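Let us read this structure together, one feature at a time. Please have the model open as you follow the questions and answers.

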Amino acid sequence: MVTPAIISIRGTQRLPGEKPESIELVTEGSYCFEPGYATLSYVETQMTGLEGVVTTFTVEDAKTVTLRRTGKINSTMVFVSGTCNESLYNAEGVGALLLGVQTRSMTVLLNENGGILDLEYAVEIEHTVCGVNAYHIEIRVL
């Protein structure tokens with residue numbers, strides 16, 4: 001059953017030779033939990049630079065996390081610990097880019113009341129690591 005939730009997100013990006021940059025967002029969204037499967041979804045704001053884009057995280061068996069974005073950006077990134085997955089990152093007005101994500105760590109502590117999702121991954125463009133991103137997401141069902 002889909003329920004309203006407060007979703008707190010801290011995203012950190014580390015680019016080679018630069019200081020890490022973090023952004024924090026607290027927003028209303030939706031959350032659905034069933035044993036072995038959970039989804040959380042929210043609409044991005046101007047603060048993230050993706051205003052109006054719908055972001056959805058899907059967690060399957062606490063082993064696979066899929067991040068989907070739809071709107072002016074369309075992408076699907078799949079995260080499985082210790083693996084690299086490639087996907088198309090399509091930005092409206094800019095074009096498409098083949099993006100690789102190498103999952104470095106993933107922690108899933110979710111239940112029917114919400115919980116925590118931590119994800120860290122390296123971003124690869126043409127098989128070259130160009131940065132490391134991390135998400136710390138806390139979900140609280142209303």
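Q: In the hairpin of E6 and E7, which residue takes a positive phi?
A: First, the terms: strands (E, at least two residues) are DSSP runs numbered from the N terminus, as are helices (H or I, at least four), and two strands pair if DSSP finds at least two bridges between them. In this hairpin Gly 82 has a positive phi near 80°, and 3 residues lie between the strands. This is a predicted model, in which local features need pLDDT of at least 70, side-chain atom pairs count only at pLDDT 80 or more, and totals for chains, interfaces and linings use all residues. Residues are numbered from 1 along each chain as its sequence is written, and side-chain values use heavy atoms, with hydrogens and water left out.

Q: How many bridges join strand E6 to strand E7?
A: Strand E6 (residues 73-80) and strand E7 (residues 84-91) run antiparallel and are joined by 3 bridges. You can find Ile 73 opposite Ala 91 of E7.

Q: What does E7 form with E8?
A: The two form another hairpin, again with 3 residues between the strands, and Gly 93 in its turn has a positive phi of about 85°. E7 pairs with strand E8 (residues 95-111) in the antiparallel sense over 8 bridges. Across this pairing, Glu 86 stands opposite Gly 100 in E8.

Q: Which residue takes a positive phi in the hairpin of E4 and E5?
A: Here Asp 61 takes a positive phi near 50°, in a hairpin with 3 residues between the strands, although Asp 61 is not a glycine. The loop that holds Asp 61 runs between strand E4 (54-60) and strand E5 (64-70). Ala 62 sits in that loop between E4 and E5 too, and its phi is also positive, near 55°, in a residue other than glycine.

Q: Is Asp 61 buried or exposed?
A: Buried means under 20% relative accessible area, exposed over 50%, and partly exposed in between, with a 1.4 Å probe and protein chains only. Asp 61 counts as exposed because its relative accessibility is 53%. Ala 62 has a relative accessible area of 45%, so Ala 62 is partly exposed.

Q: How do E4 and E5 run, and how many bridges join them?
A: E4 and E5 run antiparallel, joined by 7 bridges. Thr 58 has Thr 66 in E5 as its bridge partner. On to E3: E3 and E4 pair in the antiparallel sense over 7 bridges, and Ser 41 has Thr 56 in E4 as its bridge partner.

Q: What does Ser 75 touch, leaving aside its neighbours within four places in sequence?
A: Contact means heavy atoms within 4.5 Å. Ser 75 lies in strand E6 and is in contact with Leu 67, Arg 68, Arg 69, Leu 88 and Tyr 89, once those neighbours are set aside. Ser 75 counts as buried because its relative accessibility is 4%.

Q: Which residues have the most contacts inside the largest nonpolar core?
A: In soluble globular proteins, nonpolar side chains tend to be buried together. A nonpolar core is a set of buried Ala, Val, Leu, Ile, Met, Phe, Trp, Tyr and Cys residues joined through side-chain atoms within 4.5 Å. The largest one here has 26 residues, and those with the most contacts inside it are Leu 40, Phe 57, Val 65, Phe 79, Leu 119, Tyr 135 and Ile 137. E8 gives the most to this core, with 5 residues. Beyond four places in sequence, the residues that Tyr 135 touches include Ile 9, Phe 57, Leu 67, Arg 69 and Leu 119.

Q: Which residues lie nearest the centre of the largest pocket?
A: On a 1 Å grid over the protein atoms alone, a pocket is an open set of points with protein on both sides within 12 Å along at least five of seven lines, and lining residues have an atom within 4 Å of a point. The largest pocket is lined by 27 residues, with Gln 13, Arg 69, Tyr 89, Asn 133 and Tyr 135 nearest its centre. E10 gives the most to this lining, with 5 residues.

Conventions
1 Å grid on protein atoms, 1.4 Å probe; cavity = no way out; pocket = protein on both sides within 12 Å on 5 of 7 lines; lining within 4 Å.
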